[in-house]
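I opened this structure to look up a few loops, helices and contacts. My notes follow in the order in which I made them.

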Amino acid sequence: MNDYEKYRQVRKEAAATGLLLLVLIAAWILLGFGLAQVDVELFGLPLWVWTSTVGFWLFAVAGVAVLVRIVFCDMDLEGGGPRG
Amino acid sequence: MGEGRLSALAPLLLFMALMVAIGLFVRRRAAHGSFVAQYFIGGRDLGGFVLAMTTVATYSSVSSFVGGPGMAFSVGFGWVYMAVVQVTAIFLVLGVFGKRVALLARRFDAVTVVDLIRARYGSDTLAALSAFVIVLFFCGTMAAQFVGGANLFATVTGYSYGTGLVLFGLVVVLYTAIGGFRAVAFTDTCCALVMMAGIVLLLSYVLHAGGGFSAILAHIRAAHPAMLTPLADGNMPVGLYFTQWLLVGICTVALPQSVVRGISYKDTHSLHRAMLIGTFVIGFMNIGVNFTGILAHGVLTGTPADYGGVDFVIPQAIVHALPPALVGFAIVGPLAASISTISGLLIVAASALVKDVFLHHAKKSGREVKPRTLRRLSTLVTAGLGTLVFLIALTPPSLIWLINMFAFGGLETAFFWVLLFGLYWRRANRLGALFSMAGGTAVYCAAQYFGLKVAGLHPIVTGITASLFLFLLGTFLGKQEGEQNRFLFFPKKG
């Protein structure tokens, strides 16, 4: 990869990270406020408590796993000194 | 000191001895290569696991382990729902800035975030302002960690506040000054592991002492039904959720103590691993410790006020739920959160003074600094800064926890747009960055001081909005400067 390709790739990865953040915000709303009225309990706690905490956390871990596997790629970080 | 329990002190003494041993070991091993790069960034060779742990441990402060769960005890599961937004903090900073700053730092031989800001905007004024903001706000945050840790120590062990402060406060300053960033990274890793073990230990004993999960929940359902709803009878307004997403979620991407970790790892494979491990660990800690705070209703029957406030809920839960022989082990976890944050901030604050101010001006005026002088100066400045904060904590201001959150928001306001636009927007220029950092921080401080809350939201919303507006204004009014560096930051095709 040359400097330009690395920059493009890094920009793509940063944008994908931002996109994952938006997905997680939507999931967080859905798994918490969205399920708060559902009258289902699991181990004595309302469903929304499980989905919005443990569920959201596991969803985030899965999202990061997908992100680094699909979008992120390995590159050489040593690009030499300043060049004009 | 005589009235305290020695059994509660022994595990902490052992842990602190281990931290100093790591500092000494690292100092001996790091005798090769550039001293500045070794001392302030650990030689850029951290692996994925250590990178994840040091980022999490520096981010997770004593308030995550004491004040947060205390609030969860008071408010209920809505607090856990709010706190869990922090699972985004690690992958966000490493995903957005991790590779970008790693590439640029190698290109410009940068070892600090201020180095990168200076290279990008070509402004000594902006660099000096960045260093000033870092030192100022970091000192506030460190003082809060010292006070929180010493209070916890005094409550649980029976020894005095001063004894706690001397015991863990001076030790953290000592090992950070001796071993630099590398010692911070390795001790942070130990601290993060100890924090996780501490949560498991406390949670299991709280469950046992409270008669089990079902019994504690039945009690909560009968006595505090609002704790099972997200809005908790108005104690958790939607506006609070919104501002917490900004304050401890999205805007943490620009915290200098987190961004600098992007300069410290060895290869991109390590970065990818750290994003995954860090997200897992920070979620485990946040959910585990806040659930523990709520389940403490099984062992504490009063209100937080009965125990001296929300900050004393977890210390009291430790005392009530654990057998005396294990109290000392349970306290090591929260204190590890405190010392790992102090060490992480201390080394960055010292680098701002030594590398960004002293060395830069020495180089500019053509003065050569001998390696031996530099080594001594770095150690002395780190120790001096730590000692200064230690002295502040000896007579703590009464609003120390507010100072902690104030500093968090101040750093985010100062650096969010300067870093984000600086690293990803070609048109961003120095006037915009100066306006944003100086003006945004001033607006944020004024909003805090005058209690200005637009639509009832935390002043971070006002600060970050003003900072954005001022950046855009400065960028459109200012000139495009430093074309050579701009090309290096934003390479063109071909």
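**Two aspartates in loops**

I looked up B:D109 and found it in the loop between α7 and α8 (113-121) of chain B. I took helices (H or I, at least four residues) and strands (E, at least two) as DSSP runs, numbered from the N terminus. The model is predicted: local features need pLDDT of at least 70, side-chain atom pairs count only at pLDDT 80 or more, and totals for chains, interfaces and linings use all residues. Residues are numbered from 1 along each chain as its sequence is written, and chains are lettered from A and ligands numbered from 1 in the order in which they are written.

Most residues other than glycine have a negative phi.

I then turned to B:D233, in the loop between α11 (213-223) and α12 (238-247) of chain B. Its phi is positive, near 55 degrees, and B:D233 is not a glycine. B:D233 has 13 other C-beta atoms within 10 Å and is therefore partly exposed.

I found B:R221 in helix α11 of chain B. B:R221 is partly exposed, because it has 14 other C-beta atoms within 10 Å.

B:R261 sits in the loop between α13 (256-259) and α14 of chain B. B:R261 counts as buried because it has 33 C-beta neighbours inside 10 Å. Which residues does B:R261 touch, not counting residues up to four places away in sequence? They are B:L51, B:T54 and B:T55. Here two residues are in contact if their C-beta atoms, placed from the backbone, lie within 7 Å. B:G439 is 178 residues from B:R261 in sequence, and their C-alpha atoms are 27 Å apart in space.

A:G34 has 15 other C-beta atoms within 10 Å, so it is partly exposed.

**Helix α2 of chain A**

I followed helix α2 (residues 47-70) of chain A and noted a bend of about 35 degrees at A:G55. The bend at a residue is the angle between axes fitted to the seven residues ending there and the seven starting there. Among the buried residues of α2(A) are A:W48, A:F56, A:W57 and A:L67. The buried residues of α2(A) pack against α1 (3-31) and β2 (45-46) of chain A, together with α6 (77-83), α7 (88-108) and α14 (268-295) of chain B.

How do α2(A) and α14(B) lie to each other? They pack at an angle of about 175 degrees, and their axes are 9 Å apart. Axes are lines fitted to C-alpha atoms, for helices over the stretch in contact, and angles run from 0 to 180 degrees between N-to-C directions. The two helices are therefore roughly antiparallel. Angles under 35 degrees count as roughly parallel, over 145 as roughly antiparallel, 65 to 115 as roughly perpendicular and the rest as oblique. The residues of this contact include A:W57 and A:V64 of α2(A), with B:M275 and B:F280 of α14(B).

**The contact of the two chains**

I noted 41 residues from chain A and 42 residues from chain B in the contact. On the side of chain A that touches chain B, α1(A) gives the most, with 13 residues.

**Inside chain B**

I also looked up helix α1 (residues 6-29) of chain B, which packs with α10(B) at an angle of about 95 degrees, their axes 7 Å apart. α1(B) and α10(B) are therefore roughly perpendicular to each other.

Last, I noted B:I331. Leaving aside neighbours within four places in sequence, its contacts include B:A8, B:L12, B:F153 and B:I318.

Conventions:
Buried ≥ 20, exposed ≤ 12 C-beta atoms within 10 Å, placed from the backbone.
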